[in-house]
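Dear colleague,

Please find below the structure that I am handing over to you. My notes on what was found in it follow directly after.

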Amino acid sequence: MPNYQRGKLLRLHFTERDQYRNKPLYEAIVEKCQELKIAGATVFRGLEGFGGTAEIHRSHMLAHDLPIIVQIIDSDENIGRLLPTVEEMMDRGLIATSDVEMRRIQKSS
Amino acid sequence: MLKKGSAKKVTIYVNEDTQHHLSALYQDILAFLLHKGVSGATVTRALAGFGAHQVIHTPNIEALSEHLPLRLEFIESAEKVEELLPTLYDMVTDGLIEVQDTTIVKVATREKQQAEPKHPHERKAGKAKLMRIFTGEADRWNDEPLYEAIVKRLRMMDIAGATVYRGILGYGAKGHTHKQNLLHTKRDLPVMISVVDSEEKLSQAAEAIEGMMQDGLIAFSDVDIVRLVHANPLKDAENAKLPAR
């Protein structure tokens, strides 16, 4: 791919119920990313799923316990810088990285 | 059946009353094209016009309305046109033949397609690329949501498939946090489109999409396709009877 740089994609899988210092873990992670000047982060909510605890995560009438995926794409160094912090913040869940070729588009509008 | 891509468009101008072996020339040409298996041809009658004889043919004056111009058009592959042209050259004794390069964008037919050995969307298991496009829900392109425009474009480019995901929180190129506000008055949540196809097709697609995006991120990664068969609704009934492959 011409004009594409090598980078890393970091995917964090956990659930909506996971908390970090009294706020949803996904919010805490996104804030941490902004603090560490990571280029971007996107949080997705799944419809249904199961993981390490083998319990099915689905939406109930009152309690929300849906699967959450946070995707972060940045350079190798930046992801390396972020990883230890994220590992420390997550009590359980899954962290996966993969190699990507990326291109950031930023046109002056 | 015509295929997408470059082709030739042939336009023949004749007069309504030009004769060829006791019948009207345009009818003879049509019959010839049909006989040769041309995928389609259209004859249109002009409102008025003039030609080599420098006489205006118009329906307003009865005496001049007998020679109204006709335009006969058909589109075929370059080889087919090459094959037909000598005969047409011979047949058109009074008129004009013109050939243009053209591009076929879409060939759609409502009839059931002939059983093809392989459906164009079918891909074998193997190496492929996954493209992720990150944009915002509020991004627009020519007055329609950008993600919709991108999916439409991918469809036109015959890309195997695309899925749009809406995130619940995020930030990125724009520097602001995409978050649902309480009153749901303004939606600007993050959007990701994931697309899987061969590297070659995706790099073409990426080029087109880069031109549509103001800001955002495109990322490629390697994937292995396990199986992909694009179901053809017309074929579903038949497939249901076949044992699973």
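**Contact between the two chains**

In this predicted model, a salt bridge joins the side chains of Glu101(A) and Lys129(B), with 3.0 Å from N to O. Between chain A and chain B, the count of salt bridges is two.

Which elements of chain A supply the side that touches chain B? At least two residues each come from strand 1 (5-15), helix 1 (25-35), strand 4 (41-45), strand 7 (67-74) and strand 8 (94-106). Of these, strand 8 of chain A gives the most, with eight residues. Sorted by class, the side of chain A that touches chain B consists of 16 nonpolar, seven polar and eight charged residues.

As for the extent of the contact, 31 residues of chain A and 31 residues of chain B take part. The size of an interface is often expressed as the accessible area lost when the parts come together. Here, chain A and chain B bury about 2700 Å² between them, and 55% of this lies on carbon and sulfur atoms.

Finally, the two chains also share strand pairing. Strand 4 of chain A pairs with strand 12 of chain B (residues 162-171) in the antiparallel sense, over four bridges. Within this region, Val43(A) has Leu169(B), in strand 12 of chain B, as its bridge partner.

With kind regards

Methods. Residues are numbered from 1 along each chain as its sequence is written. Chains are lettered from A and ligands numbered from 1 in the order in which they are written. This is a predicted model: local features need pLDDT of at least 70, side-chain atom pairs count only at pLDDT 80 or more; totals for chains, interfaces and linings use all residues. Side-chain values use heavy atoms; hydrogens and water are left out. Contact means heavy atoms within 4.5 Å. Buried area is the accessible area (1.4 Å probe) that two parts lose on being put together, summed over both. A salt bridge is a side-chain nitrogen of Lys or Arg within 4 Å of a carboxyl oxygen of Asp or Glu. Ala, Val, Leu, Ile, Met, Phe, Trp, Tyr, Cys and Pro count as nonpolar, Asp, Glu, Lys and Arg as charged, and the others, Gly among them, as polar. Two strands pair if DSSP finds at least two bridges between them.
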